[in-house]
Amino acid sequence: MNTRMRTAGVIGAGVMGAAIAAHMANVGIEVILLDIVPSELTEDDKKKGYTNESRKFRNTFAKKGIDTALKSKPASFYVPENRKRISIGNMEDDIGLLSEVDWIIEAVVERLDIKKSVFEKIEAVMSPETIVTSNTSGILAQALCEGRSEDFRKHFAITHFFNPPRYMKLIEIVPGPDTLSEVMELLAETSENVLGKGVVFAKDTPNFVANRIGVFSVLHVIRTMLELGLTIEAVDKLTGPVIGHPKSATFRTADLVGLDTLVHVADNVHNGAPTDERRDMFKAPDLVNRMIENKLLGEKTKQGFYRKTRDSEGNRIILSLDLNSLEYGPQEKVKLASLETAKTITGTTQKIRSLYYAEDIGGQFSFRTLTETLIYAANRIPEIANNIVNVDNAMKWGFAWKMGPFETWDTLGVSESVTKMKKAGYEVPGWIQEMLDAGKASFYKTEDGVLSYYDPASKDYAEVPVKPEIILLPSLKEREKKVAGNTGASLIDIGDGVACLEFHTKMNAMGDDIINMVMLASEIVSSNFEGLVIANHAQNFSVGANLPLVLFTAQEEEWDDLDWMVKRFQDAFMKLKYLDKPVVAAPAGMALGGGCEICLASDRVRYAAETYMGLVEAGVGLIPAGGGTKEMLIRNTEHLFEVQKGGLYQKQIELMPFIARAFETIAMGKVSTSGPEAVKLGYLRPIDKMTVNRDYLIEDAKKTVHAMNMEGYVVPRPADEIRVAGENAFAMIKFGLWSMHKAGYITDHDVTVAGKAGYVLCGGNVHADTLVGEQYLLDLEREAFLSLCGEPKTHARIQHMLATGKPLRN
């Protein structure tokens, strides 16, 4: 059997099939995407001169799938160029191509008869070692491989991706009755290490793990809402971020999934799990059936629990459904005492506790819905999964919950919540009562930095498996590996002579604490370590500078203080850039403003695939001043060369096109939609490498430090001869800005801000091809930044960004 999947075939070019193919292409797998041949030519096909034998006609559905993936939002491809790794075809002409691939994934319509027909065709051409999997969301593996040969059954399993496949971490892997262990191991290794997934091994039961619990939770929420007389808006407030669930909460999520799909998945359990003690819960409520009858399916019919429209002035608004009349109207404001109290509390765990134990209607709703979900999940062990870790991971990775059911239960206090449940008449699973009676008060516990979970089978705790390649900073800190730290950042010994600088402010915004730790960490690493990694486990690497502090200082006109703050940022990042040990930044999530600049100052960047990087200061009326503008100039021109004749430099390539690229990136505040796109935008270099599975990011960054030392790390020399384009090039930029302003594309303030960026990038008021040093450019950056801080319109932009999270054009 192959030890690595290099090629794949995907059958079915619908939304999921095309997106799975796109993600495989993202990670370097060559893909063949097949679909059926259209039944007949359309009028448009005839106008194009197609016949029934035309390849473009016969590959219509596969081509449409790729086109949809290219246009999808969020994007299915890291960069559009990855589409080149996908070949398209159809099931009649190209089925033989599947004999050459390592992995075949079936992603056709969720009907057993159609899937079995596809498997019959696949088996006729597949090679003996090829692995075949189904992307079914709930049909049993035993039923899918029934009637197939022994060899097919041994190489068959279910790989259930979650939508959208690029972004959702979960993949449920379900073996069939005869699946070889080595097949399961290869699927798990490829899914985790290549595709970047979190693997949950599920039992062959209806809807597997995540959908079994998630759909139960949604349907119970709907019933409880109707019983308590709550509104859609209230329920979405109670089931969203306040309890660690996504912003889409219950009903926006249902609209995205589609009510017909929700009912279909629920029917899998209702029809396939006759012994489930809550089987009746999976029968759709009358409200849902009425909505389906009226074609209120969600996004696919443009109306569901919500409907997007425009008001009389053309502004986009979202209306909500009246549960009785099924008519749409303005959303109602939600006023619940328990919800208002929870909002004032810091931390998701405390917010959940507050709601769960509240006495008002919001508290009653939270108590009932959470209790039902927790008990249902507990009753599914070991039916759907062998342990609570798999269940918790499934809900976190597949439904984007911050905490799984058992982690949530620990937050509530197991003993305290069980007492409340029993008082309300609920029957708690016997194994949980047994756990409490044995003096074990929680599902999880941590001792000496090692996390363990309660295992009902052994009636004791077992260590949560953690691969040695996964570095967990909290665990290291619990084992007293922190070298230094303050309220904003910590320096941690991650082993083998490498230290990690971890940020831990809100959104990892950079202020004095982080900058002070950058300075201190540089000194400590220089003396005591072989290299430095800059990384953290937060959702976002860093969103940049502490804007409230910048705004306050500017409004108070404390210009000397502000100048000192910016100079301190610049000095800290220059210290990193010229540290005598390798520095590797490991960003994931948002790396904006200062978060981007600290990456630009590092020797190398080991970036997560889902890294959204950008110098976004222009959006708040500023320019990058922590070295970002200077670095973008250097990165866009460092590949150019000069020759020296008679002691004079002669330019070989005109600078302006490269200055224009950097200028456009900064002035437009461009943010990458992936790590690979950050390379295209110039924020990262081709030598910087990607880690798809973020769990391995810090370890990979650590390995990069070691590799640099093995190669013979040499401290870079300060760049003291940077060729700049000068005042003539700046005049061209000013003319371009004037033209755009004249045409109404940009505002007066946009001209001011972009002009400052252009001035720095061109090197100020100097002649073309003047050679300058880095400090000269940093001084220009700082001067421009301070002058913009004095602009009232900049203050307004910062205030708007802080209030709404969105840029303002003024």
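Start with the open sheet. It has 7 strands, in the order S15-S16-S17-S18-S19-S21-S25, and the pairing is mixed. Strands here are DSSP runs of E, at least two residues, and helices are runs of H or I, at least four residues, both numbered from the N terminus. Two strands pair if DSSP finds at least two bridges between them.

Look at the edges. Strand S15 (482-485) and strand S25 (689-691) each have a single partner strand, so one side of each lacks a neighbour in the sheet. From one strand to the next, the twist averages 20°; axes are lines fitted to C-alpha atoms, and angles run from 0 to 180 degrees between N-to-C directions.

Now S25 itself. It runs parallel to strand S21 (residues 604-608), and 3 bridges join the two. Arginine 606 has lysine 689, in S25, as its bridge partner.

A word on the source. This is a predicted model, where local features need pLDDT of at least 70, side-chain atom pairs count only at pLDDT 80 or more, and totals for chains, interfaces and linings use all residues. Residues are numbered from 1 along each chain as its sequence is written, and side-chain values use heavy atoms, with hydrogens and water left out.

Next, the cores. A nonpolar core is a set of buried Ala, Val, Leu, Ile, Met, Phe, Trp, Tyr and Cys residues joined through side-chain atoms within 4.5 Å. Buried means under 20% relative accessible area, with a 1.4 Å probe and protein chains only. The largest core has 112 residues, and Phe406, Trp409 and Phe443 touch the most other members. Helix H9 (residues 210-228) gives the largest share of this core, 10 residues. A second, separate core has 86 residues, including Leu576 and Leu640.

On to asparagine 90, in strand S3 (residues 86-90). Buried or exposed? Asparagine 90 is buried, at 0% relative accessibility. Its side chain makes a polar contact with the side chain of asparagine 59, at 2.9 Å. A polar contact is a pair of N or O atoms within 3.5 Å; within protein, one must be able to donate a hydrogen and the other to accept it, and residues adjacent in sequence count only if both atoms are side-chain atoms. The asparagine 90 side chain also reaches the backbone nitrogen of glutamate 92, at 3.0 Å.

Last, cysteines. With a disulfide taken as two cysteine sulfur atoms within 2.5 Å, the count is 0.

Definitions and conventions. Buried < 20%, exposed > 50% of the residue type's maximum accessible area, 1.4 Å probe, protein only.
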